[in-house]
Amino acid sequence: MSKKNIVVIGLGGVGGYFGFKMNQKNEATKQYNISFVARETTYEIVKEKGLTLLSPEHENAITRPDDIVKSIADIKNPDLIFICVKEYDLENVCQQLVKVITPDTVLFPMMNGADIYDRIRKIIPDHVILPSCVYVASHIKEKGIVEHKGKSGALIFGCDPQNKSADINWVVRLLEESNIKFIFKDNPLADIWEKFIFIASFGLVTAKYNSSISSVCTDEEQNQEAVEIMEEIKLIAKAKNICLPEDIVAKTMGKAAGFPPGTPTSLQLDIHSDKGSNELELFGGAVVKYGKELNINTPSTQRIYEEIKAGITK
């Protein structure tokens, strides 16, 4: 039987961490063909020196993929594609993937956001897409070098709601063999929305005030705005038959209180570093859009989303 072709698109904090773990294991077992897709400078560095992971989990911190390519167009006969890109690149990546996937290619987005599955499905209607959410504290230290801190990264994922009978046991085995922590659920949507309610509310409020997770917990006005956003997302989830815990707002606030003082959010950092690209649409845009589709008012989210947007365009 021929080896499965595994592709990791994007070697940022998420793709670099999980791609490293899969590839390092595979260097020893040679069970799969693993290739990475990376942009110019990262491509050159990883091609020449390998991918480096700085992590308490790994002493041997360099791994070399079977192949690394600059372009999605260079992918050949992929069996499984991990999509690890920024939200604002998703549609562009999917449109390129349409040209290289086979009828059997499985798509595994390692991205956090309530609308990721729906957006991929719109462009790639007939393939197996595994809904997931990601927990990992990792970032690009410099091109080709990913730094990971804290607990081991983990995934929650499950069956494709439209292809429940698809055979994905081999995908589960790949993660097990790679020593990647994961929880597999028949329906992971509640977990995805539980994570989303946290990242959207805290991302939007910290971006508006250029503040931190801890200041949203302690400042009365910021706290109130975060709670209002959570309540709106809760209504949307309910309308979509996604069962969130009744005490999700208190639970989310409790989780936030555990972060070290001054911890920023990625949206706040992107907005206030004049980066040019940010994930405002992933958080604010998605809530506003779902609200309109479902006839649910989202005044707090809409107001903050528009305030941030206006600030960017000034």
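Residues are numbered from 1 along each chain as its sequence is written, and side-chain values use heavy atoms, with hydrogens and water left out. Because the model is predicted, local features need pLDDT of at least 70 and side-chain atom pairs count only at pLDDT 80 or more, whereas totals for chains, interfaces and linings use all residues.

Most residues other than glycine have a negative phi. Lysine 30, although not a glycine, has a positive phi of about 55 degrees, and it lies in the loop between α1 (13-29) and β2 (33-37); here helices (H or I, at least four residues) and strands (E, at least two) are DSSP runs, numbered from the N terminus.

Side chains of opposite charge can pair when their charged atoms come close. A search of the whole structure finds 15 salt bridges, each defined as a side-chain nitrogen of Lys or Arg within 4 Å of a carboxyl oxygen of Asp or Glu. In one of them, arginine 39 and aspartate 89 meet with an N to O distance of 3.0 Å. This pair links distant parts of the chain, 50 residues apart, since arginine 39 is in the loop between β2 and α2 (40-49) and aspartate 89 is in the loop between β6 and α3 (90-97). Arginine 39 is exposed at 59% relative accessibility, whereas aspartate 89 is buried at 17%.

A further salt bridge joins lysine 208 to glutamate 225, with the closest N and O atoms 3.0 Å apart. Because lysine 208 lies in helix α6 (residues 189-209) and glutamate 225 in helix α8 (residues 220-239), the pair ties together parts that are 17 residues apart in sequence. Lysine 208 is partly exposed, at 24%, while glutamate 225 is buried, at 6% relative accessibility.

Within helix α11 (residues 280-293), glutamate 293 and lysine 289 lie four residues apart, about one turn of the helix, and their side chains form a salt bridge at 3.7 Å, N to O.

Technical notes:
Buried < 20%, exposed > 50% of the residue type's maximum accessible area, 1.4 Å probe, protein only.
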